[in-house]
Amino acid sequence: MKRAIREDGFEVYFQPIYSWKEKSFTSMESLLRLRDDDGSMISPAEFIPIAEEVGLIDQIGWIVLDKVCAFMSRHPEMDIRTASVNMSMQQFMGDGFAEKFEGYLEKYALDPESIRIEITERMISENPEHTGEVLKLLTEKGIRFYLDDFGMGYSNFAGVLSLPIETIKLDMTLVHSAFESDRKMVVLESLVDMLCKAGYSVVAEGIETLEQANTLHILGADRLQGYYYHRPMSEHEIVKLFCK
C-alpha cells in the first residue's frame, strides 16, 4: 500500500445509482480499488482494514477524493453529475476536515452539489458531538451527506434524526434478508415508510434481481444500486457509457 501511494497505484471505480423518479442514473458511488502485482484486484475487504491498522487510511482517503474531484472536473459533459465518496473515521475525526474537504472542491472548481460524503452509523455512534459539528458546518456550505450501511445496528434512529443527513442508504444485508420471510419484509417496508415520511431520500443497496428492484421501488426507495443495474466500472467505462 505504501508503494501504491508512492506510485499512484490506487484506482477509483464508479457504481451508478438508478433514480426511479428521473428514470435514469443520476448519481454514482466512488469505490477504491487496488491491483496486485499480477494485475488481479485485491478485495477492499482485505486491504482497507490493513490500511486502517497501519495508519494509512487517512492518506488514502484524501487520494481518493482528489481522484474523484479531478474526474468530475474533467467530464462536465457526463450525464451523472453527483459522485459520493466514502470517508474513513480517521479522516472525518481529524482536525480541519471541513476546510480540507472544501479545499479539494476549490482546487477543481467544483460545485458542492457534485460531491456527496458518505459516512456510517459507526462514525456517528463513536463521536456524535464531533460528527454533528462537522455535518452542520459543511451542510451550511452546501455539501450534502449520505448515511451508509444503515441497518447494521451501530446507532439509534433518534441520533440520526438529529443530524443534517440528506440520504439514507439501506445496507444490502438488510435488503436481501427481507426476501427470506414475510416478517422481515414487513420490517423493511415499515422502515422505508418511516424514513420517507421523515423526509429522507432512500437508496437500496445490493439490488441484484428484477424482483428486488421492483419490490424496493414499491416499498418507496427513491434510488437503487447494485449489480442488477451496473457493476462498479472504471473511469474509462463510465465515461463511455454516460458521456454525451
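Analyst: Helix α10 (residues 182–197) and helix α11 (residues 210–219) pack at an angle of about 50°, and their axes are 9 Å apart. This is a predicted model, in which local features need pLDDT of at least 70 and side-chain atom pairs count only at pLDDT 80 or more, while totals for chains, interfaces and linings use all residues. Residues are numbered from 1 along each chain as its sequence is written, and side-chain values use heavy atoms, with hydrogens and water left out.

User: Why is α10 called oblique to α11?

Analyst: Angles under 35 degrees count as roughly parallel, over 145 as roughly antiparallel, 65 to 115 as roughly perpendicular, and the rest as oblique. The angle here is about 50°, and α10 is therefore oblique to α11.

User: Which residues of α10 and α11 meet?

Analyst: Met-185, Leu-188, Glu-189 and Val-192 in α10 meet Thr-215, Leu-216 and Leu-219 in α11, where contact means heavy atoms within 4.5 Å. By class, 5 of these residues are nonpolar, 1 is polar and 1 is charged.

User: What makes α3 and α5 roughly parallel?

Analyst: The axes of helix α3 (residues 57–74) and helix α5 (residues 97–107) cross at roughly 30° and come within 9 Å. The crossing angle falls under 35 degrees, so the pair counts as roughly parallel. In their contact, Trp-62, Leu-65, Asp-66 and Cys-69 of α3 meet Phe-97, Lys-100, Phe-101, Tyr-104, Leu-105 and Lys-107 of α5. This contact has 7 nonpolar, no polar and 3 charged residues.

User: How do you know that Gln-15 is buried?

Analyst: Gln-15, in strand β1 (residues 10–19), has a relative accessible area of 8%. Buried means under 20% relative accessible area, exposed over 50%, and partly exposed in between (1.4 Å probe, protein chains only). Gln-15 is therefore buried. Its side chain reaches the backbone oxygen of His-230 at 2.9 Å.

User: Why does Arg-116 count as buried?

Analyst: Arg-116 lies in strand β5 (residues 115–120). Its relative accessibility is 7%, so Arg-116 counts as buried. Leaving out residues up to four places away in sequence, Arg-116 touches Thr-82, Ala-83, Ser-84, Val-85, Arg-144, Tyr-146 and Glu-166.

User: What does the side chain of Arg-116 reach?

Analyst: The side chain of Arg-116 reaches the backbone oxygen of Glu-113 at 2.9 Å.

Technical notes. Helix = DSSP H or I, 4+ residues; strand = E, 2+ residues; numbered from the N terminus. Polar contact = N/O pair within 3.5 Å; in protein donor to acceptor, adjacent residues only side chain to side chain. Axes fitted to C-alpha atoms, helices over the stretch in contact; angles between N-to-C directions. Nonpolar A, V, L, I, M, F, W, Y, C, P; charged D, E, K, R; others polar.
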